[in-house]
Amino acid sequence: MREITPRRVIEMKGREKIAMVTAYDYPSALIADKAGMDIIFIGDSLGMVVYGEENTLNVSMEQMVFHTRAVAKAVKRALVLADMPFGSYEIDTDDGLRNAVKLIQAGADAVKIEGGYDHRKLVRKLVRMGIPVMGHTGLTPQRYLRLGGYRLMGETEEEIEEILRDAKALEKAGAFAVVLEFTLADVAKLVTEEISIPTIGIGSGPWVDGQVLVWHDLLGIYEEVPPFVKKYADIGGMMRIALEEYREEVKGGSFPGKEHYWEFLDKDDFVRKAQKALERLEDD
Ligand SMILES: Nc1nc(=O)c2c([nH]1)NC[C@@H]1CN(c3ccc(C(=O)N[C@@H](CCC(=O)O)C(=O)O)cc3)CN21
Ligand SMILES: CC(C)C(=O)C(=O)O
Ligand SMILES: [Mg+2]
């Protein structure tokens, strides 16, 4: 059992902000855990930042399972959360249950689904069978085609009502937290006040119980970042500089240097052995 549990996350509401970040592989997850993140999240955003897709709609359960397994191997302290990809839970509840089990068996401590009200029955069943669930409302990227791209949510009365309905339905169904993505900050504040479980914002302002960002965005590895991202480092730039230096040293012959290879100290010994080896090959 890892240190950060859904119960701990719920207790953090109003006391301590929840810090969450995505990670998709073993070395990244090791670093995120050592950095003291509360929740390490295998998001379906991996379809975009790891696999180069235009949206998150082509992510498979198989991909989520493989990446969840890699992340779970690394994490000792944080809660490991895995996204349910598009099509893995909306068609029927049984699919959703079976697929959530796959993510748990790959090492996740909890799963996240997009939507709330529409999936309240699934959330209730998952919780009853012992799988902690995080919901997700506001901008739900799996509705990319219907929304006509990614945009700010919660401007109209209808959108505010929908977001509140989702959040309240998730709370009632037993979810342990809700992601609020790209909503007006006032809407996120209202939702945070209206429900007893934590809200975790992304692009939804400061009046929420925690924040989540995508690994590649905050570290500066990915060039196309949403407008709400703060870039905490330029790792992409560092990677490029290192690779350019490596290329130059290969071309110029200064890599490998003396400390990076091994040679015979006794050259006569080498010549003898090499001659023997060549002779043996001729005999074949
Ligand atoms: N790298 C990455 N980071 C994310 O935070 C993220 C993903 N990918 N993929 C899934 C969703 C999609 N998200 C996004 C992506 C783009 C905008 C964005 O750029 N909005 C612009 C222009 C939208 C348009 O072109 O219509 C805006 O100014 O509102 C917002 C949220 C957040 N999520
Ligand atoms: C943007 C976050 C919340 C997400 O769902 C993802 O990374 O897949
Ligand atoms: Mg997602």
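Analyst: Helix α8 (residues 157-173) packs on helix α9 (residues 185-194) at an angle of about 30°, and their axes are 10 Å apart. The model is a predicted one, in which local features need pLDDT of at least 70, side-chain atom pairs count only at pLDDT 80 or more, and totals for chains, interfaces and linings use all residues. Residues are numbered from 1 along each chain as its sequence is written, chains are lettered from A and ligands numbered from 1 in the order in which they are written, and side-chain values use heavy atoms, with hydrogens and water left out.

User: Why are α8 and α9 called roughly parallel?

Analyst: Angles under 35 degrees count as roughly parallel, over 145 as roughly antiparallel, 65 to 115 as roughly perpendicular and the rest as oblique. The angle of α8 with α9 is about 30°, and therefore α8 is roughly parallel to α9. Axes here are lines fitted to C-alpha atoms, for helices over the stretch in contact, and angles run from 0 to 180 degrees between N-to-C directions. The helices themselves are DSSP runs (H or I, at least four residues), as are strands (E, at least two), numbered from the N terminus.

User: Which residues make the contact of α8 with α9, and what is the handedness of the crossing?

Analyst: On α8 the contact is made by I160, I163, L164, A167, K168 and E171, and on α9 by V187, L190, V191 and E194; contact means heavy atoms within 4.5 Å. By class, these residues are 7 nonpolar, no polar and 3 charged. Ala, Val, Leu, Ile, Met, Phe, Trp, Tyr, Cys and Pro count as nonpolar, Asp, Glu, Lys and Arg as charged, and the others, Gly among them, as polar. The crossing of α8 and α9 is right-handed, a term for a near helix turned clockwise from the far one by less than a right angle, with anticlockwise being left-handed.

User: What makes α6 roughly parallel to α8?

Analyst: The axes of helix α6 (residues 120-128) and α8 cross at roughly 25° and come within 9 Å. That angle makes α6 roughly parallel to α8. Their crossing is right-handed. R120, V123, R124 and V127 of α6 meet L170, K172 and A173 of α8, and this contact divides into 4 nonpolar, no polar and 3 charged residues.

User: How do you know that α4 is roughly parallel to α5?

Analyst: Helix α4 (residues 61-74) and helix α5 (residues 93-105) pack at about 25°, with axes 8 Å apart. The angle therefore makes α4 roughly parallel to α5. M61, M64, V65 and T68 of α4 contact N99, K102 and L103 of α5. The contact of α4 with α5 comprises 4 nonpolar, 2 polar and 1 charged residues.

User: How far is the side chain of R143 from the backbone oxygen of G138?

Analyst: A polar atom of the R143 side chain lies 3.3 Å from the backbone oxygen of G138. A polar contact is a pair of N or O atoms within 3.5 Å; within protein, one must be able to donate a hydrogen and the other to accept it, and residues adjacent in sequence count only if both atoms are side-chain atoms. R143 lies in the loop between β5 (133-138) and α7 (144-147). Not counting residues up to four places away in sequence, R143 touches E114, G138, M153 and E162.

User: Which peptide bond is described as cis?

Analyst: The bond from F255 to P256 is cis, with omega near 5°. P256 lies in the loop between α11 (235-252) and α12 (267-283).
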